[in-house]
Amino acid sequence: MRKRVGVVADDVTGANDIGIMFVKGGYRSAVFPLELIESCDLKKEAEGLDVIIIDTDSRFDTPETAKRKVRRATELLTSLPCDMYHNKTCSVFRGNIGAEFDEMQDVLGVSCSMVVLGFPANGRTTVDGIHYVYGEKLENSQFRHDPIHPMTTSSLEEILHKQSDRSVGLITWRDLDQGLSHVKEKKEQLKKECAYVIFDIRSQEDLKLVARAVADEINVCGSSAIGEELPAAYREMDCPVLSVCGSLTKQSRSQVEYLKKKGYPVFELHTDVIFSEEERTAAIRELSGQLLRALSQTGGGLLHTSNREDAVARTKQTGYRLGMSDEEVGKRISHTICRIVADVLQESGCRRLVVAGGDTSAAVTRQLEICRMEIGKEIEAGVPVMKGKTSLGELDLVLKSGSFGSEAFLEKAIEAVRGQEEQ
């Protein structure tokens, strides 16, 4: 189910700007001027739209007039209602930033809002809370000489503090580089202390990560750029995907590392636990719990077996000492993976699964009693997305040979099974 987004924009070009960003993500958007909106039935006009944008034309108003307009626009949007509300401002923070942010917060009754001003495609980036325009600090850019709103400082915290007395926190590029789980934890911590959380943005990849981090928030403020990435983040939340990789090939290892670098939640089954039933049961319980939390909080999670050469060698040597063959060790690993997959799918209700590794795929299909697989679109050469009839019901499914696929294959496969939802 798509989220409905309500936007209050402080000028008409900005309203159109954020509208096209959401359209790129497959959302239907339309703009309504506040001064004319009372003469139409907004609920009727908004039917079939995913994004409803109200242009307040308030950038050059007094703070009090801007507050009044934002209050009315937000009230109209909440009457629809919407799932998320965005206060769209200038991408260099010109205008009545503090007054508008504070007023929307008050109408919505939220104690903390996310602030994302970066717009890399148009040269706007934020590093350590300092805003840049095509590599120049904001205070040294053309906007320093703006005739109405001269921008004489580059610190977004300082700019916001000049217009609002509410507390401000910062999530920097250092946090972003530690991945999604860390960013979400830092965000939740700052929400207890601050009214606004400002995010660094260096690139479109940062925007994608931040969109995933704020997709569960009610109120986002700032430039239009985040609108391009939010639809995918919403789909991720609404369509969780469980992924598993039991393959030891170099292709599969690089695919797992690729997702790690992208900040995807990745969990390792340390294969040396498979020989003790007590340790194995504890590992199944722990990993199932971690994956369930990841599916709930971020819309996805990847489980992979130990794939470092030293870990693989240790596992084999332990098996040999116990009189087990390589095949028997492999089957015990696959059986452990299958128990985790079955537990997570059963507990979460998730019905989207990506499996990497031929032996692992065979074991999972047996575990889930997949009796029919309807072939769908090809993701990459030789690997389709499928509809599987299973003991749990219908499953959107990808099964991949360990030696197949590009470095980004798992990411493509995850998006492919999510795409089934909208077909």
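The following dialogue takes a reader through selected features of this predicted model and the criteria behind them.

Mentor: Residues are numbered from 1 along each chain as its sequence is written, and side-chain values use heavy atoms, without hydrogens or water. Because the model is predicted, local features need pLDDT of at least 70 and side-chain atom pairs count only at pLDDT 80 or more, whereas totals for chains, interfaces and linings use all residues.

Trainee: Why is serine 164 called buried?

Mentor: Buried means under 20% relative accessible area, exposed over 50%, and partly exposed in between, with a 1.4 Å probe and protein chains only. Serine 164 has a relative accessible area of 3%, so the residue is buried. Serine 164 is placed in the loop between α6 (156-163) and β9 (168-171); helices (H or I, at least four residues) and strands (E, at least two) are DSSP runs, numbered from the N terminus.

Trainee: What makes the approach of serine 164 to arginine 166 a polar contact?

Mentor: A polar contact is a pair of N or O atoms within 3.5 Å; within protein, one must be able to donate a hydrogen and the other to accept it, and residues adjacent in sequence count only if both atoms are side-chain atoms. The side chain of serine 164 reaches the backbone nitrogen of arginine 166 at 3.2 Å.

Trainee: Which residues does serine 164 contact, leaving aside its neighbours within four places in sequence?

Mentor: They are Gly98, Asp102 and Tyr196, where contact means heavy atoms within 4.5 Å.

Trainee: Why is the pair of phenylalanine 93 and phenylalanine 101 called edge-to-face?

Mentor: Rings of Phe, Tyr and Trp (its six-membered ring) pair if their centres lie within 6.5 Å; planes under 30 degrees apart count as stacked, over 60 as edge-to-face and the rest as tilted. The structure as a whole contains 3 aromatic pairs. In this one the centres are 6.0 Å apart and the planes stand at 65°, so the pair is edge-to-face. Phenylalanine 93 and phenylalanine 101 are both buried, and ring pairs join Phe93, Phe101 and Tyr196 into a cluster.

Trainee: How do you know that arginine 202 and aspartate 177 form a salt bridge?

Mentor: A salt bridge is a side-chain nitrogen of Lys or Arg within 4 Å of a carboxyl oxygen of Asp or Glu. The N to O distance between arginine 202 and aspartate 177 is 2.7 Å, and their side chains meet in a salt bridge. This pair links distant parts of the chain, 25 residues apart: arginine 202 is in the loop between β10 (196-199) and α9 (204-214), and aspartate 177 in the loop between α7 (173-176) and α8 (180-191). By the salt-bridge rule, the count comes to 40.

Trainee: What makes glutamate 188 and lysine 191 another such pair?

Mentor: Their closest N and O atoms are 3.7 Å apart, and they form a salt bridge. Both residues lie in helix α8, 3 residues apart, about one turn of the helix. An α-helix has 3.6 residues a turn, so residues three or four places apart point the same way. Glutamate 188 has 36% relative accessibility and therefore counts as partly exposed; lysine 191, at 26%, is also partly exposed. The two belong to a network of salt bridges that links Lys184, Lys187, Glu188, Lys191, Asp216 and Glu217.

Trainee: How do you know that the length of helix α10 agrees with expectation?

Mentor: The expected span of a helix is 1.5 Å times one less than its number of residues. Helix α10 (residues 226-238) has 13 residues and should span 18 Å; its end C-alpha atoms are 18 Å apart, which agrees. The buried residues of α10 include Ile226, Leu230 and Tyr234.

Trainee: What makes β6 and β8 edge strands?

Mentor: Two strands pair if DSSP finds at least two bridges between them. An open sheet of 3 strands has the order β6-β7-β8, with antiparallel pairing. The strands β6 (124-127) and β8 (136-137) each pair on one side only, and are the edge strands. Between β6 and β7 (residues 130-133) there are 4 bridges; arginine 124 has valine 133 of β7 as its bridge partner.

Trainee: Why does aspartate 128 count as partly exposed?

Mentor: Aspartate 128 has 34% relative accessibility, so the residue counts as partly exposed. Aspartate 128 lies in the loop between β6 and β7, and its phi is near 55°, a positive value in a residue other than glycine.
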